[in-house]
Amino acid sequence: MDFTGQFDDLQKRIAEAKAAAQAAATETRDRLKQRIDQAQDDLDQATAVTEQKASGATAAKPSKWAQMTADAAAKRDDVKAKIEKRTRELDAEAAASEADR
């Protein structure tokens with residue numbers, strides 16, 4: 001692919017990302033959580049398919065890919081838990097501030 005084609009592809013991806021960000025700015029927190037969870041499910045399914053293909057090619061030895069995906073999933077779950085905890089803290093602070101007023 002030439003540079004012009006790559007730039008065109010990049011511009012298309014940027015436009016899609018911008019549209020998604022603008023849509024997200026107007027959505028509720030619950031809807032955003034649904035979208036994030038759906039994207040994560042899609043990623044998990046794609047990872048599982050890739051892992052199946054990789055394990056089929058190297059069935060005789062343990063898969064580094066499987067360990068990497070497990071580590072990434074654990075880190076992702078940890079980050080999600082921290083985000084949810086911080087969100088709850090911010091909500092509690094906002095409620096306390098509102099109650100004080």
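## Basis of the model

Because the model is predicted, local features need pLDDT of at least 70 and side-chain atom pairs count only at pLDDT 80 or more, while totals for chains, interfaces and linings use all residues. Residues are numbered from 1 along each chain as its sequence is written, and side-chain values use heavy atoms, with hydrogens and water left out.

## Overall fold

The protein chain contains three helices and zero strands, and its pattern along the sequence reads α-α-α. Helices (H or I, at least four residues) and strands (E, at least two) are DSSP runs, numbered from the N terminus. Helix H1 covers residues 3-25, whereas helix H2 covers residues 29-57 and helix H3 residues 64-100.

The C-alpha trace spans about 65 × 40 × 20 Å along its principal axes.

## Exposure and the nonpolar patch

Of the 101 residues, 2% count as buried, where buried means under 20% relative accessible area, exposed over 50%, and partly exposed in between (1.4 Å probe, protein chains only). The protein chain exposes about 8,600 Å², of which carbon and sulfur atoms supply 58%; accessible areas come from the Shrake-Rupley method with a 1.4 Å probe, and for residues only the protein chains shown count as cover.

Phe3, Phe7, Leu10 and Ile14 form a nonpolar surface patch, with about 460 Å² of accessible area together. Patches are made of residues with over 30% relative accessible area and no salt bridge, like charges being joined within 9 Å and nonpolar side chains (Val, Leu, Ile, Met, Phe, Trp, Tyr) within 5 Å. Leu10 is placed in helix H1 and counts as partly exposed because its relative accessibility is 41%.

## Charges and the negative patch

The protein chain carries 18 positive and 20 negative side chains, and the centres of the two sets lie 3 Å apart. Lys and Arg count as positive and Asp and Glu as negative, without His or the chain ends, and the place of a charge is taken as NZ of Lys, CZ of Arg, CG of Asp or CD of Glu.

A patch of negative charge gathers Asp2, Asp8, Asp9 and Glu16 on the surface. Glu16 is found in helix H1 and, at 47% relative accessibility, counts as partly exposed.

## Salt bridges

Nine salt bridges are found in the whole structure, each being a side-chain nitrogen of Lys or Arg within 4 Å of a carboxyl oxygen of Asp or Glu. One of them joins the side chains of Glu84 and Lys33 (3.5 Å, N to O), and this pair links distant parts of the chain, with Glu84 in helix H3 and Lys33 in helix H2, 51 residues apart. Glu84 counts as partly exposed at 35% relative accessibility, as does Lys33 at 40%.

Arg76 forms a salt bridge with Asp44, with the closest N and O atoms 3.6 Å apart; this pair also links distant parts of the chain, Arg76 in helix H3 and Asp44 in helix H2, 32 residues apart. Arg76 is partly exposed at 23% relative accessibility, and Asp44 is partly exposed at 32%. Salt bridges that share partners join Lys33, Asp37, Lys80 and Glu84 into one network.
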